[in-house]
Amino acid sequence: MGDLIYLIILIGIGYSVGTMVEKRHYKRIEQREAELLCLPAVSAKNLLEEKPVGEARLVYGNAVISTDYFKSLLAGLRNLVGGEVSAFESLLDRARREAVLRMKAQARGADIILNLRIETCQITMTGSVEALAYGTAVYYKK
Amino acid sequence: MKFTPRAIKDNVNVSSSPPLKDFFKLTLKILGLILAVYILLGFAVDFIAPRISVNTELKLSKVFVRDLKKAERTQTELQLQRILEELVKKSQGLPAFSYKVFVEDSKNVNAIALPGGNIVVFSSLLKEVKSENELAMVLAHELGHFYRRDHLRGLGRSLVFLLISSALFGNNNPASKFLANAVTNAEMRFSQTQEKAADLYALELLNKTYGHVGGAVDFFERMTSKQKLWPIFYIFASHPYPKTRVNALKKAITTKGYASREKINFKYP
């Protein structure tokens, strides 16, 4: 009986707190994305418009987002029968977008970020995921 | 080419299906699967258990009694052993083990039959027992399990289930711990017929050994009156003592015309 209560508490905390944290994070992400919309980050390797370049440098941002107990359990169950692990989709989405936002924050004042790349790796022990976004920030000659 | 930045409107990378729905669907699916495998393997165990030879069981028993055998035998254990040997002498058709009884400290009011003719009586049970006859009844009940080889069956199912759940979730997962406990206990609930059969075996053996059945129902009756759980919770209780068991014993005593005489006192130090 004790084990069941323990399990339900873990799932309950995982679900309620996890959902709340995720909602808040998405709100912050959307707000900052709107603020930084004027700084484009593109995967193109070359400049989109012919303009003299004053400075170009590497910018990067990374974010580590952890799973919660509910998500891990759900993914574990999904593991048994196969199929889309939708539980982790939001986790990866948040990590990628947060990483891009941090990269943009590092590139304050730039006109465009070229050659944007996003890489992901998992941190196995804790069930966290890391996303690293990097690119070349270009500052036009003023 | 002019680049116009736009905000993301619909997030296609995250599924819109609610995770809770997903969770319940998956849980039901997997529980169904486990149940199916469990039932199938349960049948296999029921088939195999009565066919396990005495030698194989002795080998199996080494895993369970390694810890028990180390300790030096206490005075109480020797006393219990004498009662047990008396019972074994009068019994018929028991598998040819050298039967041993051990006392373990535990809050659980219970006794268990382990493979290889080993009986473990928990100290809390000894504190509840008032006469030697009651104790003999408990020991004879465990012998009844050996006679019918129930202990292997119960163990086999729990073993099979633990194997499945630890393969699926890992050993230390609270889910598999809970499921293992619930099923091990449910096993006892399912085997009410086995318990009753062991009770009747014990009653007959008690009568043969002592010449009467005084004290046979005392212990079980005391436990029934102490049990404050609702019947639904029996499934989680470590060892249920429902009234039906006591009644079945009383009925058997009347129909077989067993006598009831003076009991021998027993006090746990």
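The model is predicted: local features need pLDDT of at least 70, side-chain atom pairs count only at pLDDT 80 or more, and totals for chains, interfaces and linings use all residues. Residues are numbered from 1 along each chain as its sequence is written, and chains are lettered from A and ligands numbered from 1 in the order in which they are written.

**Confidence**
- Within chain B, the mean is lowest in helix H7 (residues 174-190), at 53, and highest in helix H3 (residues 75-90), at 89; helices (H or I, at least four residues) and strands (E, at least two) are DSSP runs, numbered from the N terminus.
- Where pLDDT is low, the predicted coordinates should not be read in detail.

- Helix H2 (residues 69-81) of chain A and helix H1 (residues 19-48) of chain B have axes that come within 10 Å and cross at roughly 45°; axes are lines fitted to C-alpha atoms, for helices over the stretch in contact, and angles run from 0 to 180 degrees between N-to-C directions.

**Sheet in chain B**
- An open, mixed sheet of 3 strands has the order S1-S3-S2; two strands pair if DSSP finds at least two bridges between them.
- Strands S1 (100-104) and S2 (111-114) of chain B are at the edges, each with a single partner strand, so one side of each lacks a neighbour in the sheet.
- Neighbouring strands of this sheet are turned by 25° against each other on average, direction ignored.
- S2(B) and strand S3 (residues 118-122) of chain B run antiparallel and are joined by 4 bridges.
- Leu114(B) is opposite Asn118(B) in S3(B).

Methods. pLDDT is the predictor's confidence in each residue, from 0 to 100.
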